[in-house]
There are 2 protein chains.
Amino acid sequence: MTQTVPTRDRLLDAAERLFAEHGLDGTSLRRITTAADANLAAVNYHFGSKLELVRAVFERRLAPMNGERLRLLDAAVAAAAPAAPDLRAVLHAFLAPALSLGRKDGREFFVLIARAHSTPHAEVQSAIVEQFGDVIARFGGALQAALPEVPLPELFWRVHFTIGALCHTVVNTDLLRLASGGLCDDADETAVLARLLDFAVAGMSGGAAR
Amino acid sequence: MTQTVPTRDRLLDAAERLFAEHGLDGTSLRRITTAADANLAAVNYHFGSKLELVRAVFERRLAPMNGERLRLLDAAVAAAAPAAPDLRAVLHAFLAPALSLGRKDGREFFVLIARAHSTPHAEVQSAIVEQFGDVIARFGGALQAALPEVPLPELFWRVHFTIGALCHTVVNTDLLRLASGGLCDDADETAVLARLLDFAVAGMSGGAAR
DNA sequence: GGATCGGTCAAACGTTCGTTTGATACGCTT
DNA sequence: AAGCGTATCAAACGAACGTTTGACCGATCC
């Protein structure tokens, strides 16, 4: 039986799914290569090592997501120029691509990202952080412009809280559905985004919002 | 050289620290027993297995924290009775013990808890969730009373966001200090709690706060 | 048509893991 | 002093891990 998808891609797909499901250390190359219908040596041949495979899995998803974030931010800044960008528009540019990725084909990947963020491996951690340099710098400036009355340290803290809400939402929606007894439905992505945006805008502007 | 601290406790201390530092799978019984100045077989003798050791590490910290949460909630409810409890007081009862635990002797433990929350091991996961049954039920009711105008599903979502902000704050303050270039100082616990409370109150009440 | 190269394969490498075992030492009670 | 659990110890167990090796296959090029 011939494979139409290249082995390298099948390895990435299988690794992403299994990493998210069982963690980095909990997923052996044997499970990955078996799931990808490839030979055990395939990972070391195509990627060099397990660590390089992990890095490849991350880069495949993170680059498009952060690119989309910056694209939306540019649009929001341009729409408001020369005035300060709208807070909700900036937060939308930051939250929407992540929320979207966390629910499409990248659902499992986002679980993985959150787990890897607290991984014991320093190499993995730094490999991820590198992908966010531009995003941090650009959004920091935009938020400062949108909320000029908020002191900079205060702003950082609130962004920190917002990121926490975002990550927890993407990763643990199952937990919410469970805790709410099925009351909370996460099927409607735009509704979830709207709720998260409401929460973030209110929190970011410190109760004096709108 | 005689040990004044029982081996069992030394094992718990070493395991908590190493689990938080290197993850559950990344920490071998050999490292734990070496750090605890105990024999390799000590874990299996005192706890039966590595999994039981993990459960013991969790229970030692979670039980007091959730107990303190419920105690503070009782006080907040009693203080306002027969009127509805104050939103900020309820959120304080929920957030303060967790934030406090995440910064005292339990600092490393809280990192561990956040990591274990997304652990691949189902046994570990369920062992943690069991510890939160009472807290979820009690705080759910109190928040509903404090925010009668917010529909129940909406309420669950906002609690979900708040928990995300809390976890991210406790676990990743180092990341914030780094990203802010030292602007954000987390040394003052009451100040951090105040900021988190401001954010949560604003977000929970949906911009119409105070 | 022989050589070359990317890709795949089974098999084995050495290491580390959690757990088990049997012996040994200490502090009780009788 | 003898007997008996409790606790600790070194040593070994089998299993699973990431990685390496050398042979094999098919397409492409000279």
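Predicted model: local features only at pLDDT ≥ 70, side-chain atom pairs only at ≥ 80, totals over all residues.

Trainee: How do you know that the copies meet through the same surface?

Mentor: Of the interface residues of chain B, 100% are also interface residues in chain A, so the same surface is used by the copies.

Trainee: What are the elements of chain A?

Mentor: Chain A has eleven helices and zero strands. Helices are DSSP runs of H or I with at least four residues, strands are runs of E with at least two, and numbering starts from the N terminus. Along its principal axes, the C-alpha trace of chain A spans about 60 × 40 × 35 Å. Residues are numbered from 1 along each chain as its sequence is written, chains are lettered from A in the order in which they are written, and side-chain values use heavy atoms, with hydrogens and water left out.

Trainee: Why are α1(B) and α4(B) called roughly perpendicular?

Mentor: Helix α1 (residues 7–22) and helix α4 (residues 50–80) of chain B pack at an angle of about 90°, with axes 10 Å apart. Axes are lines fitted to C-alpha atoms, for helices over the stretch in contact, and angles run from 0 to 180 degrees between N-to-C directions. Under 35 degrees counts as roughly parallel, over 145 as roughly antiparallel, 65 to 115 as roughly perpendicular, and the rest as oblique. So α1(B) and α4(B) are roughly perpendicular.

Trainee: Which residues make the contact?

Mentor: Contact means heavy atoms within 4.5 Å. Among them are B:Leu12, B:Ala15 and B:Phe19 of α1(B), with B:Leu53, B:Val57 and B:Arg61 of α4(B). The contact of α1(B) with α4(B) has seven nonpolar, no polar and five charged residues. Nonpolar covers Ala, Val, Leu, Ile, Met, Phe, Trp, Tyr, Cys and Pro; charged covers Asp, Glu, Lys and Arg; the others, Gly among them, are polar.

Trainee: How many residues surround DNA strand D?

Mentor: There are 16, and B:His46 is one of the closest. A residue is near a strand if one of its heavy atoms lies within 4 Å of it. The surface near DNA strand D has six nonpolar, seven polar and three charged residues. α2 (29–35) of chain A and α3 (42–46) of chain B each supply at least two residues of that surface.

Trainee: What makes a polar contact with DNA strand D?

Mentor: A polar contact is a pair of N or O atoms within 3.5 Å; within protein, one must be able to donate a hydrogen and the other to accept it, and residues adjacent in sequence count only if both atoms are side-chain atoms. A polar side-chain atom of B:His46 lies 2.7 Å from a phosphate oxygen of DNA strand D. For B:Asn39, a polar backbone atom is 3.0 Å from a phosphate oxygen of DNA strand D.

Trainee: Which part of DNA strand C does the side chain of B:Arg30 approach?

Mentor: A base oxygen, 2.7 Å from an N or O atom in that side chain. B:Lys50 places a polar side-chain atom 2.6 Å from a phosphate oxygen of DNA strand C.
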